[in-house]
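Here's a quick tour for anyone opening this model for the first time.

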Amino acid sequence: MHSQLFPSDMSSLWNLRSATYEGHIIKNHELHTFLKPIFNQGSQIVVLFLQNELSVEDFTRYGSDYGGNETFCNIQQLLESSNSSLILPAVDWRAIKHLQENLNWTKVQIDHFQETELEIDPSKPNLIVIKLAPVDSTNNLKLAQSLGDNDKVIGMTTSTLRRKGLNFTGIYTALRPSVVIRRTTDAAIQTGRRLMGTVSTSSVPYPPLNVTNGTNTCILFHAASLQLTVNGTLIDLTNETFISNSVDSSSSICSTTNTTLSLKYSLRKNPSISVNTLEIRFLMRNNFYTGSARNWFTLDFVEIVQDKLSVAMFNVSSISAPQEYSFHCQLVGTSKLYGATFIAANKAAQAWSITISEFQIQGFNVENNLFAYASDCTSFFTHAIWMALVTSLVLLCILTYGIHMIMQLTTNDRFDDPKGQALIVPQTD
């Protein structure tokens, strides 16, 4: 993830000429080293602006030239007006979590900033954690608007602190990166011809969610992003599911034939969301199929239970794998453009929109707390491959017809001799 530090009133704290952080992920001890000058300078207030996801690419893509709008205008002004600033392109999310848990300061957490809530004692060191609204990354326009709204909150917060005459240090960061960098294994460095011989893996920013049956792990679930939308309100559950581990999965059921992954969330702390409690259920079955002479598991239904009353049911298409495998798909959800689609099965489900990126699940035969080989939703013959094959076949038929017509061309069996008698060809010939 990306981080920016901007002290409000301090001399230069970092030697930027000798610092090169591009391509390097800042770990916990390194971040502590960077923050030492702030604490040694006697800064009594550190404001941590915490977003759900952020990457340095967002500043490049949605900068001042994006559609004529200045998405990060307040952050840009803070960087220009501060005597000292530091930009870290990549910071390990564990380092941010460690900072919140181990810094022996007075902690003030604000989920939604209100100027009246900002009452602190400047005589004591304070860590103010402001949780920004989750960004909507479903498309570029919504993402830019979400980033712009959070930029306004940062501007309001810093303006309030300055009006009160308080010196502070601001840190703008996130719980996870918005862009997952893909890397190839060492086999990709080897030379020579290889057919599907190199495997591309994503750098996993956090471990998968595991559910145990008392002794052993029976369900594994992972996603880079888990987002729901109901009546236009975005609910990002990625942090609660995989990072803070505040999700309750105790109602999950494990067996050799039927498995249910139950994820319960309490959203009462977020006043902008009209939902108090939420439960997501993934219902899987393990059946034997005579056609393939083996067992396959299928994800048949997804249910969303809102406030223990309304139940939205979705039928699931194209999510299946051999029982000893896991299932992976880059995008699953309610959109028909995704690799696997959740189809609304009742009226309540029509109000919900689901988007899960880098979806991977295994409900049977989990060994050593690790995912088994993944059966991917992308088949070998994609739409593009089929179009290329059909186009090639049509062109091949045209070429074959042309060659056949050329081979049918014949020359005359008699020719006119200018020195002899004129050649007479009867009309009946």
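## A salt bridge to start with

Let's begin with Glu324, which forms a salt bridge with Arg294; their closest N and O atoms are 2.4 Å apart. Glu324 sits in the loop between strand E17 (320-322) and strand E18 (326-333), while Arg294 belongs to strand E15, so the pair ties together parts that are 30 residues apart in sequence. Glu324 is partly exposed, with a relative accessible area of 33%. Arg294 is partly exposed too, at 31%.

Keep in mind that you're looking at a predicted model. Everything here is read from its computed coordinates.

How many salt bridges does the count come to? It comes to four. Another one links the side chains of Arg285 and Asp300, at 2.5 Å from N to O. Arg285 lies in strand E14 and Asp300 in strand E15 (residues 294-306), so this pair ties together parts that are 15 residues apart in sequence. Arg285 is partly exposed, with a relative accessible area of 39%, whereas Asp300 is buried at 15%.

Then there's Arg281, whose side chain meets that of Glu279 in a salt bridge of 3.1 Å, N to O. Is Glu279 buried or exposed? With 11% relative accessibility, Glu279 counts as buried, and Arg281, at 26%, counts as partly exposed. Salt bridges that share partners join Glu279, Arg281 and Glu303 into one network.

## A buried asparagine

Stay on strand E14 (residues 277-289) for a moment, and you'll find Asn286 there. Asn286 counts as buried, because its relative accessibility is 8% and the cut-off for buried is under 20%. A polar contact of 2.9 Å joins its side chain to that of Gln323.

Which residues does Asn286 touch, leaving out those up to four places away in sequence? The list is Thr256, Thr257, Asn295, Trp296, Phe297, Gln323 and Phe364.

Now for the inside. In soluble globular proteins, nonpolar side chains tend to be buried together. Here, the largest nonpolar core has 63 residues, and the members that touch the most others are Phe221, Phe282 and Phe359. Strand E20 (residues 352-362) supplies the largest share of this core, with five residues.

## Two stops elsewhere on the chain

Gln109 is found in strand E4 (residues 106-110). Gln109 is exposed, with a relative accessible area of 53%. Setting aside residues up to four places away in sequence, Gln109 touches Val129 and Lys131. What separates the C-alpha atoms of Gln109 and Ile128? The separation is 5.9 Å, although the two are 19 residues apart along the chain.

Arg162 is the other stop, and you'll find it in helix H5 (residues 140-163). Arg162 counts as partly exposed, at 41% relative accessibility. Beyond its neighbours within four places in sequence, Arg162 is in contact with Leu78, Ser81 and Phe168.

## How confident is the prediction?

The chain averages a pLDDT of 78, and 77% of the residues score at least 70. Which element has the highest mean pLDDT, and which the lowest? Helix H7 (residues 383-407) has the highest, at 92, and strand E7 (residues 182-184) has the lowest, at 39.

Over residues 16-21 the pLDDT is below 50, and this stretch has eight contacts in the model beyond near neighbours in sequence. Residues 181-203 also stay under 50. For that stretch, the model has 15 contacts beyond four places in sequence. Where pLDDT is low, the predicted coordinates should not be read in detail.

Key: Residues are numbered from 1 along each chain as its sequence is written. This is a predicted model: local features need pLDDT of at least 70, side-chain atom pairs count only at pLDDT 80 or more; totals for chains, interfaces and linings use all residues. Side-chain values use heavy atoms; hydrogens and water are left out. Helices (H or I, at least four residues) and strands (E, at least two) are DSSP runs, numbered from the N terminus. Buried means under 20% relative accessible area, exposed over 50%, partly exposed in between (1.4 Å probe, protein chains only). A polar contact is a pair of N or O atoms within 3.5 Å; within protein, one must be able to donate a hydrogen and the other to accept it, and residues adjacent in sequence count only if both atoms are side-chain atoms. Contact means heavy atoms within 4.5 Å. pLDDT is the predictor's confidence in each residue, from 0 to 100. A nonpolar core is a set of buried Ala, Val, Leu, Ile, Met, Phe, Trp, Tyr and Cys residues joined through side-chain atoms within 4.5 Å.
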